[in-house]
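I opened a new structure today and kept notes as I went. Here is what I looked up, entry by entry.

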Amino acid sequence: MVDQAAPSEPSERGGRARRRSLAYRRADRDPSYPPDHVLAEVDGRVLDPGTALTVDGIVPRSTVYVGPRLVISADRDRDEVLGLLRDAARPLGWRIELDRSYPESRVQGRTTGGQALGLSRCIIRVESTGAALAPDGWVLLQQARGAHGKSALRGVGLDHVLFVAPRAKRPFHESNPVPSSTEFLGVPVDSYGTPGYGGRQPVAYVGPPPHRRPDSDFVARRRPVVAILDTGCGEHEWLDDIVDTSVGLKVGGTTLDIGYTDAATDPEVGGDYVGPLDGGIDELAGHGTFIAGLVHQACPDADIVAWRAVNSSGPIVESDWTDALARVVELVRRHAEGEPDGMPVDVLNLSSGYYHETPGDEELYDPTIRSLLETLGRCGTVVVCSAGNDATARPLYPAAFAPWDDAPAGPPADALPVLSVGAYNPNATVALFSNTGPWVRCYEPGAAVLSTMPKFQGGLQPSARTTAYKLVRESVDLDDFTSGFALWSGTSFAAPMLAGKVAAALLDSMPAPGTVEDRAAAVARGWSAVEQVSPVGPQ
């Protein structure tokens with residue numbers, strides 16, 4: 001009997017492995033990307049693996065990137081890399097030059113050892129004489145890799161387009177869609193974008209605000225600081241005295257902005273900047289205020305800093321986002337090393353991401369964002385990232401820089417980790433829209449959650465209105481947020497729930513105000529908090 005059973009065992013194991021492989025490939029599907037008119041805002045293009053130019057050893061996946069542009073990591077010799085790219089561009093009838101609108105004089109982040117972090121941005125143009133195909137960063141990068149080898153182009157990459165992650169119905173970025181309740185029945189995951197089923201809608205809140213202890217309780221130790229890099233934060237009675245949106249980076253006698261500061265396009269002040277002139281509230285208007293409200297609910301005693309690196313329609317150019325992140329890193333590094341004009345950030349919330357085109361090749365990864373996040377971790381900052389809303393197991397970055405569940409070893413103990421967060425439904429099952437996989441280690445409520453909103457009044461009207469007994473009677477106006485509160489869904493909102501929990505776990509171990517804390521002590525304190533609220537632990 002042993003002889004009969006033995007031959008079948010490898011076959012059964014192989015069959016299970018094949019089934020697991022097929023299931024993973026199905027779950028690892030590419031996401032659906034926004035339509036052309038949305039991508040056109042940033043000259044975005046979708047890389048199609050079926051038609052993309054390739055070189056030996058590189059198997060591309062779909063992604064979105066700024067077409068005629070490449071970025072070069074600050075840890076490379078820029079002139080050397082430009083020479084390689086120019087050699088490859090010449091036969092195509094293109095030229096490549098530094099983007100002078102992305103000034104080299106900007107202050108970027110640094111590692112604790114002083115190594116520069118950040119990138120340079122290059123534009124690809126058609127030569128002034130002759131005609132050529134439209135310049136394309138992916139094509140040029142593959143030509144350069146083919147001619148010089150992929151190792152020579154390490155640190156050179158596409159300028160990806162990131163997207164913030166609230167759940168929306170398709171088609172993406174439709175101006176405040178209000179479909180019928182039966183419209184999503186064929187695609188259940190789309191239900192979360194419908195008001196009444198988890199989509200953004202106003203709600204009345206009648207309870208008290210979260211209880212925040214007075215400053216007199218924080219004399220011996222400071223409050224934890226949670227930073228948010230998103231659409232900023234608007235006015236709200238819960239947040240006005242708690243959220244600071246004015247923090248910049250001092251260099252010499254000037255203060256550099258972090259992210260965008262133009263009040264005329266602030267998604268937390270005006271709700272309608274894009275799309276038809278119909279008063280429809282933009283897809284991401286109020287997003288940052290909603291996130292700040294969730295952090296405040298999870299940890300009322302935390303101080304919150306909010307920067308605006310996202311506009312109201314959603315496409316985010318990686319190089320712009322990275323520059324804002326690098327300035328945040330520089331603030332944190334200065335504080336960690338006791339230099340002037342630094343600021344502590346105990347938790348950083350990032351609710352946006354992109355899918356990398358070469359996820360299986362470490363040599364082709366963009367090192368810039370990873371290095372920035374690692375520097376934050378070594379300075380004592382826990383970074384919390386949303387996992388994305390495409391119902392896929394395909395890794396979304398920067399969330400997928402988190403320690404994977406099936407990794408052979410845990411993250412190092414001398415640096416705090418990135419935490420990747422998926423979304424729960426109200427009943428604590430995983431939301432159907434949430435990305436998942438071994439790179440998503442944490443889950444928090446993110447479907448039909450309640451939080452703060454700017455008091456927008458959109459262009460839609462109630463479906464019915466009448467007067468009876470001198471009283472105006474209406475159906476619910478689905479874009480009237482003058483109550484100051486809303487329901488919304490997305491892993492965008494699961495991340496700040498965990499960020500607030502980490503901050504709450506830090507409360508009793510915070511150092512005294514003004515203290516320059518030893519980095520090792522800050523990291524150990526952070527690890528203690530992470531292990532209290534998540535399954536992630538050090539090696």
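**Entry 1: pairing.** Before counting strand pairs I noted the rule: two strands pair if DSSP finds at least two bridges between them. I also noted that the model is predicted. Then I looked up S7 and S13. They run parallel and are joined by 3 bridges.

**Entry 2: the whole chain.** I counted 9 helices and 21 strands in the chain. The chain has 539 residues, and 55% of them count as buried. I then took the contacts between residues at least 6 apart in sequence. Of these, 78% join residues at least 24 apart.

**Entry 3: the sheet.** In what order do the 7 strands of the open sheet lie? I read S8-S11-S7-S13-S15-S16-S17, with parallel pairing. Strand S8 (243-244) and strand S17 (442-445) are the edges, each pairing on one side only. I reminded myself that strands of a sheet pair through backbone hydrogen bonds.

Next I followed single pairs. S7 (residues 225-230) and S11 (residues 303-308) pair in parallel over 6 bridges. Leu229 stands opposite Trp307 in S11. Helix H6 packs on this sheet and touches S7, S11 and strand S13 (347-350). The direction of H6 makes about 165° with that of S7. On another side of my list, S13 and strand S15 (residues 382-386) run parallel and share 4 bridges. There Asn349 has Val384 in S15 as its bridge partner.

**Entry 4: strand S13.** Are the faces of S13 covered or open? Both are covered. Val347 and Asn349 are buried on one side, and Leu348 and Leu350 are buried on the other.

I picked Leu348, which sits in strand S13. Its relative accessibility is 1%, so Leu348 counts as buried. Leaving aside neighbours within four places in sequence, its contacts include Ala227, Ile228, Leu325 and Val383. I also checked Leu348 against Val418. They are 70 residues apart in sequence and 9.6 Å apart in space, C-alpha to C-alpha.

**Entry 5: Arg333.** I found Arg333 in helix H6 (residues 318-336). Its relative accessible area is 7%, and therefore Arg333 is buried. The side chains of Arg333 and Glu339 meet in a salt bridge at 3.1 Å, N to O. Glu339 is partly exposed, at 32% relative accessibility.

Entry 6: How many salt bridges does a search of the whole structure find? It finds 31. I looked at two more. Glu337 and Arg519 meet at 4.0 Å, N to O. This pair links distant parts of the chain, 182 residues apart: Glu337 is in the loop between H6 and S13, and Arg519 is in helix H9 (residues 519-533).

Asp414 forms a salt bridge with Arg378, with the closest N and O atoms 3.1 Å apart. Asp414 lies in the loop between S15 and strand S16 (418-424), and Arg378 in helix H7 (residues 367-378), so the pair ties together parts 36 residues apart in sequence. I then traced shared partners. Glu330, Arg333, Arg334, Glu337, Glu339 and Arg519 are joined by salt bridges into one network.

**Entry 7: Asp479.** I placed Asp479 in the loop between strand S20 (471-474) and strand S21 (485-488). Asp479 is buried yet has no salt bridge. The nearest side chain of opposite charge is Arg200, 7.6 Å away. What lies 2.9 Å from a polar atom of the Asp479 side chain? I found the backbone nitrogen of Leu460 there.

Note on methods: Residues are numbered from 1 along each chain as its sequence is written. This is a predicted model: local features need pLDDT of at least 70, side-chain atom pairs count only at pLDDT 80 or more; totals for chains, interfaces and linings use all residues. Side-chain values use heavy atoms; hydrogens and water are left out. Helices (H or I, at least four residues) and strands (E, at least two) are DSSP runs, numbered from the N terminus. Buried means under 20% relative accessible area, exposed over 50%, partly exposed in between (1.4 Å probe, protein chains only). Lys and Arg count as positive and Asp and Glu as negative; His and the chain ends are not counted. A polar contact is a pair of N or O atoms within 3.5 Å; within protein, one must be able to donate a hydrogen and the other to accept it, and residues adjacent in sequence count only if both atoms are side-chain atoms. Contact means heavy atoms within 4.5 Å. Axes are lines fitted to C-alpha atoms, for helices over the stretch in contact, and angles run from 0 to 180 degrees between N-to-C directions.
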